[in-house]
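Colleague: Could you take me through this model, starting with its surface and then moving inwards?

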Amino acid sequence: MKFLVAAIWILDTLHLSCSERLVFAGEWMANGRSITNYGVTASLEYMVWSFPASLLVNVFVVCIVQCFFAYTIYCLCRPQVKWLVTAPIILLVVVHFGFALETAILMFLNLKFDTLTQIRFYAVLPALAIVALVEALITVSLCVLFYDSGSRSAFPR
């Protein structure tokens with residue numbers, strides 16, 4: 001558990017560093033600062049490397065946390081339904097990681113903002129839809145498990 005917390009802390013610090021490069025330094029574009037290039041539409045074409053790097057680090061954090069919750073659900077489930085409940089969650093986490101990795105790699109290969117509009121239907125939107133589905137599955141599973149275990153505990157519901 002300590003290792004997991006340390007890994008999330010380090011990855012979150014790295015994500016914050018990449019985000020700071022984008023926001024605080026004002027370098028949304030690769031060819032200059034957004035304030036100094038005010039009104040120059042050509043400066044809005046390119047992004048710096050820290051934008052896809054921030055996305056990639058965030059994907060690692062989300063997948064680690066979702067796998068932790070899948071493990072927690074696995075431990076709380078009855079033996080008959082452990083894999084029936086956790087297998088779809090783990091499978092969807094892996095699929096989400098694949099789509100998000102594809103998005104980040106395509107953004108690294110072409111640092112133009114047009115890349116996002118080109119890949120949004122076959123990489124970005126599936127990744128966002130799957131992560132929302134995984135979060136819903138985790139939430140429903142934990143609510144059902146905690147509700148069922150409440151009848152066996154010493155505390156009232």
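**Surface, helices and contacts**

Modeller: Trp83, Ile90 and Val94 make a nonpolar surface patch of about 320 Å². Patches are made of residues with over 30% relative accessible area and no salt bridge, where like charges are joined within 9 Å and nonpolar side chains (Val, Leu, Ile, Met, Phe, Trp, Tyr) within 5 Å. A salt bridge is a side-chain nitrogen of Lys or Arg within 4 Å of a carboxyl oxygen of Asp or Glu. Accessible areas come from the Shrake-Rupley method with a 1.4 Å probe, and for residues only the protein chains shown count as cover.

Colleague: What should I know about the source and the numbering?

Modeller: This is a predicted model, in which local features need pLDDT of at least 70 and side-chain atom pairs count only at pLDDT 80 or more, while totals for chains, interfaces and linings use all residues. Residues are numbered from 1 along each chain as its sequence is written, and side-chain values use heavy atoms, with hydrogens and water left out.

Colleague: Where is Val94 placed, and is Val94 buried or exposed?

Modeller: Val94 lies in helix H3 (residues 82-109) and is exposed, with a relative accessible area of 54%. Buried means under 20% relative accessible area, exposed over 50%, and partly exposed in between (1.4 Å probe, protein chains only). Helices (H or I, at least four residues) and strands (E, at least two) are DSSP runs, numbered from the N terminus.

Colleague: Which residues of H3 are buried?

Modeller: They include Lys82, Ile89, Leu92, His96 and Met107.

Colleague: How many helices and strands does the chain have?

Modeller: The chain has four helices and zero strands, in the pattern α-α-α-α along the sequence. Buried residues make up 29% of its 157 residues.

Colleague: How many residues does H2 have, and what span does it reach?

Modeller: Helix H2 (residues 50-76) has 27 residues and reaches 39 Å from its first C-alpha to its last, close to the 39 Å expected. The expected span is 1.5 Å times one less than the number of residues. For H3, the 28 residues should span 40 Å, and its end C-alpha atoms are 41 Å apart, which agrees.

Colleague: How many aromatic pairs does the structure hold?

Modeller: The structure holds three aromatic pairs. The rings of Phe60 and Phe97 have their centres 5.4 Å apart and their planes at 50°, so this pair is tilted. The pair links distant parts of the chain, with Phe60 in helix H2 and Phe97 in helix H3, 37 residues apart. Rings of Phe, Tyr and Trp (its six-membered ring) pair if their centres lie within 6.5 Å; planes under 30 degrees apart count as stacked, over 60 as edge-to-face and the rest as tilted.

Colleague: Finally, where is Met47 found?

Modeller: Met47 is in the loop between helix H1 (2-23) and H2, and is buried, with a relative accessible area of 0%.
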